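Please look over the sequence and the structure shown here before reading on.

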Amino acid sequence: MIRLIHGDDEFSIANSLEAHLAALGPPELRAPNVTVFEAPNARMAEVFAAAMISPFLTDRRAVVVKGMLKPIDTRGERIRADWESFGEKIANEAMQITNDLIFVENVRLSLTSRPLKALASFAEVETHLVPDRRDRIDWIRKRFDFHGVQVSENAISRFNDIGGDDVRRLDSEIQKLALYADGRMLQPNDIDLMVADTSQDRIFNVMDAIIEGRHNLAIGGVQNLIANGESIEGIFALLTRQVRILIVAAHMMSRGSSRSEIGQRLRINMPWLLDKTCKQASRIGSVRLRAMHLHMLDVDVGSKTGRVDRRLAVEMLVSGLVGR
């Protein structure tokens, strides 16, 4: 059996590989029957030779090759000389391989190069991608089921809302919830009690990127927020509020107000947040902050009068702000 496991979901890839290796037999017999080659040191001749060695006290053995196919898939990336003939090698010897030969890549391969097309014609191909917000519901439901946790649909939805994008963290939280539930069905209030809300952290990180002019993170962050269900109105309102807070902070600092006075005026009672606000306002400056506010007003008017689409208006706003 030849298998290719690839994608950007490292957690699911690791789980899939572990499941395939577990199928070889008991742990005490697995170790001598698994050979792992890792980039950049894997030699192609040794990989194929290992794939034909007889197994030890089991029906078959596994040869795992990690990270060697991406250069073959990507134009311009240097390929090790001994792997240049990989396409011909796999085509000529695939039928002679007597063990499980598993290629693992923690990136999504396009499989458009001739060598990888040859591999795909013989291999079982698994593609594991980090689920977006829409697909993540189903992923979460399956992980709750995998860990034997009873959970209501409303609780799953709430978990999806606040759990974040890191699937490894999500699975860890589900295992924690399994211990907490102790056999009963989880409800939304259980999720709120046991799971930290990461959604606001993500939003505020994007707001900081916009205000501080970090272009790629700002543009990509807003697009991800919208794709993950954040409302355009909410993004615009939060950004407007943050710019206004910074304008007030910058104005008060220019008049010699103390940190405590600024905090009292802005109703910020957390020292770290007040310190961050003052530093941000000082770094950006009153002139740029006023220009940002006027630009936001212009885009807001354009959106409300129908001159531009709402989503386009937000993207225009972000592009305009990070370029100032």
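The structure is a predicted model.

How many of the 5 residues of S3 are buried? The count is 4, and S3 is accordingly described as mostly covered. On one side, S3 is joined by 5 bridges to strand S2 (residues 34-38), and the two strands run parallel. Between S2 and S3 the chain passes through helix H3 (residues 44-50), and this β-α-β crossover is right-handed. Within the pairing of these strands, phenylalanine 37 stands opposite valine 65 in S3.

S3 also pairs with strand S4 (residues 100-105), again in the parallel sense and over 5 bridges. Two facing pairs can be located here. Alanine 62 stands opposite aspartate 100 in S4, and valine 64 stands opposite isoleucine 102 in S4. As a general point, strands of a sheet pair through backbone hydrogen bonds, either parallel or antiparallel.

Asparagine 33 lies in the loop between helix H2 (27-30) and S2. Is asparagine 33 buried or exposed? Asparagine 33 counts as buried because its relative accessibility is 1%, where the cut-off for buried is under 20%. A polar atom of the asparagine 33 side chain lies 2.7 Å from the backbone nitrogen of phenylalanine 56. Apart from neighbours within four places in sequence, the contacts of asparagine 33 are Leu24, Pro55, Phe56, Thr58, Arg60, Arg61 and Ala62. Proline 40, for its part, is found in the loop between S2 and H3. The peptide bond that joins alanine 39 and proline 40 is cis, with omega about 0°.

Helix H1 (residues 10-22) comes next. H1 has 13 residues and reaches 18 Å from its first C-alpha to its last, close to the 18 Å expected at 1.5 Å a residue. Its buried residues are Phe11, Ser12, Ile13, Ser16, Leu17 and Leu21. In general, an α-helix has 3.6 residues a turn, so residues three or four places apart point the same way.

Serine 152 occupies the loop between helix H7 (133-146) and helix H8 (153-162). Serine 152 is classed as buried because its relative accessible area is 11%. Not counting residues up to four places away in sequence, serine 152 touches Met185, Leu186, Gln187 and Pro188.

Isoleucine 247 belongs to helix H13 (residues 232-254). With a relative accessible area of 25%, isoleucine 247 is partly exposed. Which residues does isoleucine 247 contact, leaving aside its neighbours within four places in sequence? They are Leu289 and His293. In sequence, isoleucine 247 and glutamate 28 are 219 residues apart, and in space 66 Å separate their C-alpha atoms.

Leucine 111, in the loop between S4 and H6, has a positive phi of about 60° although it is not a glycine. Arginine 267 likewise has a positive phi of about 60° and is not a glycine. Arginine 267 is found in the loop between helix H14 (259-266) and helix H15 (271-284). Arginine 267 counts as exposed because its relative accessibility is 78%, where the cut-off for exposed is over 50%.

Key:
Residues are numbered from 1 along each chain as its sequence is written. This is a predicted model: local features need pLDDT of at least 70, side-chain atom pairs count only at pLDDT 80 or more; totals for chains, interfaces and linings use all residues. Side-chain values use heavy atoms; hydrogens and water are left out. Buried means under 20% relative accessible area, exposed over 50%, partly exposed in between (1.4 Å probe, protein chains only). Two strands pair if DSSP finds at least two bridges between them. A crossover is right-handed if, with the strands pointing away from the viewer, the path from the first strand over the helix to the second runs clockwise. A polar contact is a pair of N or O atoms within 3.5 Å; within protein, one must be able to donate a hydrogen and the other to accept it, and residues adjacent in sequence count only if both atoms are side-chain atoms. Contact means heavy atoms within 4.5 Å. The expected span of a helix is 1.5 Å times one less than its number of residues.
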